[in-house]
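User: Can you walk me through this one? I'm new to reading structures.
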Amino acid sequence: MRDDELLTVAEVMTRLRLGRSTVYDLIRTRRLSSVTIGRCRRIPASALGHFIAEEMERAA
């Protein structure tokens with residue numbers, strides 16, 4: 001996964017094994033950063049990596 005890659009919500013769902021509403025809830029609560037391009041929501045791969053790292057720290 002490249003840090004400058006933009007992921008779709010579906011790709012994030014697959015990588016985190018979460019449902020669509022959960023991913024959108026993470027975006028809505030700003031725990032997962034995203035950008036809107038036109039009508040499309042995209043999540044930077046670096047934001048996904050940051051989210052995972054924070055969750056790992058929280059779990060430790």
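Analyst: Here is a short tour, starting with where the values come from. This is a predicted model, in which local features need pLDDT of at least 70, side-chain atom pairs count only at pLDDT 80 or more, and totals for chains, interfaces and linings use all residues. Residues are numbered from 1 along each chain as its sequence is written, and side-chain values use heavy atoms, with hydrogens and water left out.

User: OK. How many helices and strands does the protein have?
Analyst: The protein has three helices and three strands. Helices (H or I, at least four residues) and strands (E, at least two) are DSSP runs, numbered from the N terminus. From that end the order is β-α-α-β-β-α.

User: And how compact is the protein?
Analyst: Its radius of gyration is 11 Å, close to the 10 Å that the globule rule gives for 60 residues, so the protein is as compact as a globular protein of that length. The radius is taken over C-alpha atoms, and the rule is 2.2 Å times the number of residues to the power 0.38. Along its principal axes the C-alpha trace spans about 40 × 25 × 20 Å.

User: What share of the residues is buried?
Analyst: Of the 60 residues, 23% count as buried. Buried means under 20% relative accessible area, exposed over 50%, and partly exposed in between (1.4 Å probe, protein chains only).

User: Now the strands. Which ones pair with S3?
Analyst: Strand S1 (residues 6-8) runs antiparallel to S3 (residues 40-44), and three bridges join them. Strand S2 (residues 35-37) is also antiparallel to S3, again with three bridges. Two strands pair if DSSP finds at least two bridges between them.

User: What is the bridge partner of Thr-8 in S3?
Analyst: Thr-8 has Arg-42 as its bridge partner. Arg-42 is also the bridge partner of Val-35.

User: What lies between S2 and S3?
Analyst: S2 and S3 form a hairpin with two residues between them. Gly-38 in that turn has a positive phi of about 65°.

User: Which residues other than glycine have a positive phi?
Analyst: Arg-17 has a phi near 55°, and Arg-30 has one of about 65°. Most residues other than glycine have a negative phi. Arg-17 lies in the loop between H1 and H2, while Arg-30 is in the loop between H2 and S2.

User: Are those two buried or exposed?
Analyst: Arg-17 counts as exposed at 74% relative accessibility. Arg-30 is exposed too, with a relative accessible area of 76%.

User: Switching to H3. How many residues does H3 have?
Analyst: Helix H3 (residues 45-59) has 15 residues. From its first C-alpha to its last it reaches 21 Å, close to the 21 Å expected at 1.5 Å a residue. The expected span is 1.5 Å times one less than the number of residues.

User: Which residues of H3 are buried?
Analyst: Ala-45, Ala-47, Leu-48 and Phe-51 are buried. Seen down the axis of H3, its buried residues fall within an arc of 160°, so they line one face of the helix. The arc is that of the directions from the helix axis to the C-beta atoms.

User: What covers that face, and what is on the other side?
Analyst: The cover over the buried residues of H3 includes S1, helix H1 (9-16), helix H2 (20-28) and S3. On the other side of H3, Met-56 and Glu-57 are exposed.

Conventions:
Contact means heavy atoms within 4.5 Å.
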